[in-house]
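Here is a friendly briefing to read alongside the model. Have the sequence and the 3D view open as you go.

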Amino acid sequence: KLKEVFKIPYAISTTSGTAALHQALLAFGIRPGDEVIVSPLTPLMCQEAIIYCRAKPVFADINSDTFLIDPTDIIKKITAKTKAIMVVHMCGHICDMDAIMSVAREKGLWILEDCAQCQLGVAAKGRIAGTIGDVGIFSFDSVKMLTSGEGGALITHNVSLAERIRKAG
């Protein structure tokens with residue numbers, strides 16, 4: 001059903017949103033010592049998933065108008081150890097994905113979209129949150145926008161990532 005709703009070829013269920021984050025990072029090849037840029041204004045699970053990989057969360061500041069990760073600050077935080085950017089769409093609002101995708105493609109970084117608090121949010125150009133980056137994740141916990149009591153899911157356009165995500169589960 002997720003594949004149909006998001007018009008995306010691969011959807012993989014997980015035990016939780018945290019597990020989905022962790023599986024995506026493993027599929028990206030995140031290893032000890034790597035860095036993942038993330039907003040400091042997120043649920044703890046975002047940082048936990050990075051730490052589970054023995055990688056380092058690097059905090060990029062938020063935009064004071066949107067409270068979402070600031071693409072300008074992301075650029076300042078990129079180092080040789082940076083492997084991915086975890087964007088966290090919050091309260092139904094979507095990060096500036098055009099700017100973030102531009103930076104990621106220029107620097108060769110993975111993009112993980114955490115949509116646990118923004119399911120079916122629509123970004124610029126009519127794109128749905130979770131379908132813009134390399135992987136989108138969802139949580140279906142009892143306090144999320146779309147709930148089943150527990151569980152999570154990942155979506156991607158990339159067959160290779162989908163296979164690695166399944167193996168990481």
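**Core, sheet and cysteines**

The largest nonpolar core has 54 residues, and L25 and M86 have the most contacts inside it. A nonpolar core here is a set of buried Ala, Val, Leu, Ile, Met, Phe, Trp, Tyr and Cys residues joined through side-chain atoms within 4.5 Å. Buried means under 20% relative accessible area, exposed over 50%, and partly exposed in between, with a 1.4 Å probe and protein chains only. This is a predicted model, in which local features need pLDDT of at least 70 and side-chain atom pairs count only at pLDDT 80 or more, while totals for chains, interfaces and linings use all residues. Residues are numbered from 1 along each chain as its sequence is written, and side-chain values use heavy atoms, leaving out hydrogens and water.

**Around the core**

- Helices (H or I, at least four residues) and strands (E, at least two) are DSSP runs, numbered from the N terminus.
- Leaving aside neighbours within four places in sequence, M86 is in contact (heavy atoms within 4.5 Å) with residues including L21, L25, V36, I50 and L112.

**The sheet**

- Seen in order, the strands of the open sheet run β1-β7-β6-β5-β4-β2-β3, 7 strands with mixed pairing. Two strands pair if DSSP finds at least two bridges between them.
- At the edges sit β1 (10–14) and β3 (56–59), each pairing on one side only.
- From one strand to the next, the twist averages 25 degrees. Axes are lines fitted to C-alpha atoms, for helices over the stretch in contact, and angles run from 0 to 180 degrees between N-to-C directions.
- β1 pairs with β7 (residues 152–156) in the antiparallel sense, over 5 bridges; A11 has I155 in β7 as its bridge partner.
- Helix α6 (residues 159–168) lies across β1, β5 (110–114), β6 (135–139) and β7, at about 15 degrees to β1.

**A close look at V87**

- V87 belongs to strand β4 (residues 82–88), and counts as buried because its relative accessibility is 0%.
- Beyond neighbours within four places in sequence, V87 is in contact with I69, C95, M97, I100, L112, E113 and D114.
- V87 and I137 are 50 residues apart in sequence, and 11 Å apart in space from C-alpha to C-alpha.

**Cysteines**

- C95 counts as buried because its relative accessibility is 4%; C115 is buried too, at 0%.
- A search of the whole structure finds 0 disulfides, a disulfide being a pair of cysteine sulfur atoms within 2.5 Å.
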